[in-house]
Amino acid sequence: MNQTNASNPTNVFAFVGRLLIAALFILGGLGKLAAPEATQGYIASVGLPAPLLGLVVAVIVEAGGGLLLLIGYRARLVSLVLAAFTLILAAIFHKNFADQNQMIHFLKNIAIVGGLLQIAAFGAGSFSLDGRRLRA
């Protein structure tokens, strides 16, 4: 079956998977913009320096990376950046495994990293700017 065929389930699944992961990052980044004081307070609560800088970096990586992932532009590289970001934040913010809620958040982040690594390994699929560039 031709991989560029729009009816190919692989292409549809790649797009939907990318869309769902991208939505998580886009909404997270926009949510931080909506409540910057709360985000900075959370950053400070774990002992990280420069909460304002942390907020700016988080918004850029999450909202910007999420948008790039959504449109499928340089999706392999973007997904690796988001995977590293997510893994680092899981280790910093969700390391108290005695708290079941924190362990669940940690494992959720690890699962997200797994999905991002799938995008890094297999690409964005046909419904993406990367796929369009490959067809050109």
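The largest pocket in this predicted model has a volume of about 700 Å³. A pocket here is an open set of points, on a 1 Å grid over the protein atoms alone, where a 1.4 Å probe fits, with protein on both sides within 12 Å along at least five of seven lines; lining residues have an atom within 4 Å of a point. Points are joined across faces, edges and corners, and the volume is the space filled by probe spheres set on them.

Local features need pLDDT of at least 70 and side-chain atom pairs pLDDT 80 or more, whereas totals for chains, interfaces and linings use all residues. Residues are numbered from 1 along each chain as its sequence is written, and side-chain values use heavy atoms, without hydrogens and water.

Which residues lie nearest the centre of the largest pocket? They are Lys-32, Glu-62, Phe-85, Leu-89 and Phe-93, out of 24 lining residues. Helix H4 gives the most to this lining, with six residues; helices are DSSP runs of H or I, at least four residues, numbered from the N terminus. By class, the lining holds 14 nonpolar, seven polar and three charged residues, where Ala, Val, Leu, Ile, Met, Phe, Trp, Tyr, Cys and Pro count as nonpolar, Asp, Glu, Lys and Arg as charged, and the others, Gly among them, as polar.

I turn to the second largest pocket, with a volume of about 590 Å³. Its lining has 27 residues, and Ala-14, Phe-122, Gly-123, Ala-124 and Gly-125 are the closest to its centre. H1 provides the largest share of that lining, seven residues. The lining of this second largest pocket comprises nine nonpolar, 12 polar and six charged residues.

Technical notes:
Helices (H or I, at least four residues) and strands (E, at least two) are DSSP runs, numbered from the N terminus.
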